[in-house]
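I opened a new notebook page for this chain.

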Amino acid sequence: MAFPTLSALEEGYEVFVITDASGTFNEVTRHSAWDRMSAAGAQLMTWFGAAGELHRNWRNDVEGLGALFANHIPDYRNLINSYTTVPNSK
């Protein structure tokens, strides 16, 4: 991920790196790459943060993005289940 990120930054693009969707099993390599990309100007974030920012307005589609999160994050599934079962919560 580091080389395309650094190249895009050099070309003047604003770059967002989804850190938990790319990488290596080696912690030193991972953190070194993140530090290098961040120092060059890339914005590091998780898939959860990116999805939340892209979604922007939860009032329009709680069930859609909520279902995506619930399918991948067990604690979030509990939150959505309590939201959908409480009367007058919508």
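**Rings, then helices**

I started with Phe-69, which counts as buried because its relative accessibility is 0%. The model is a predicted one, and I read it as such.

Next I looked up what Phe-69 pairs with. Its ring and that of Tyr-76 have centres 5.1 Å apart and planes at 85 degrees, so I noted the pair as edge-to-face. Tyr-76 has 15% relative accessibility. The cut-off for buried is under 20%, so Tyr-76 counts as buried too.

I then counted the aromatic pairs in the structure and got 5. Another of them joins Phe-48 to Tyr-76. I have it down as edge-to-face, with 5.9 Å from centre to centre and 70 degrees between the planes. This pair links distant parts of the chain. Phe-48 lies in helix α3 (residues 47–55) and Tyr-76 in helix α5 (residues 74–85), 28 residues apart. Phe-48 is partly exposed, at 34% relative accessible area.

Which residues do the ring pairs link into a cluster? I listed Trp-47, Phe-48, Phe-69 and Tyr-76.

I turned to helix α1 (residues 2–10) and helix α2 (residues 27–40). Their axes are 10 Å apart, and the packing angle is about 5 degrees. On the α1 side, the contact has Ala-2, Phe-3, Thr-5, Leu-6 and Leu-9. They meet Ala-33, Arg-36, Met-37 and Ala-40 in α2. I sorted the residues of this contact into 7 nonpolar, 1 polar and 1 charged.

Technical notes:
Residues are numbered from 1 along each chain as its sequence is written. This is a predicted model: local features need pLDDT of at least 70, side-chain atom pairs count only at pLDDT 80 or more; totals for chains, interfaces and linings use all residues. Side-chain values use heavy atoms; hydrogens and water are left out. Axes are lines fitted to C-alpha atoms, for helices over the stretch in contact, and angles run from 0 to 180 degrees between N-to-C directions. Helices (H or I, at least four residues) and strands (E, at least two) are DSSP runs, numbered from the N terminus. Contact means heavy atoms within 4.5 Å. Ala, Val, Leu, Ile, Met, Phe, Trp, Tyr, Cys and Pro count as nonpolar, Asp, Glu, Lys and Arg as charged, and the others, Gly among them, as polar. Rings of Phe, Tyr and Trp (its six-membered ring) pair if their centres lie within 6.5 Å; planes under 30 degrees apart count as stacked, over 60 as edge-to-face and the rest as tilted. Buried means under 20% relative accessible area, exposed over 50%, partly exposed in between (1.4 Å probe, protein chains only).
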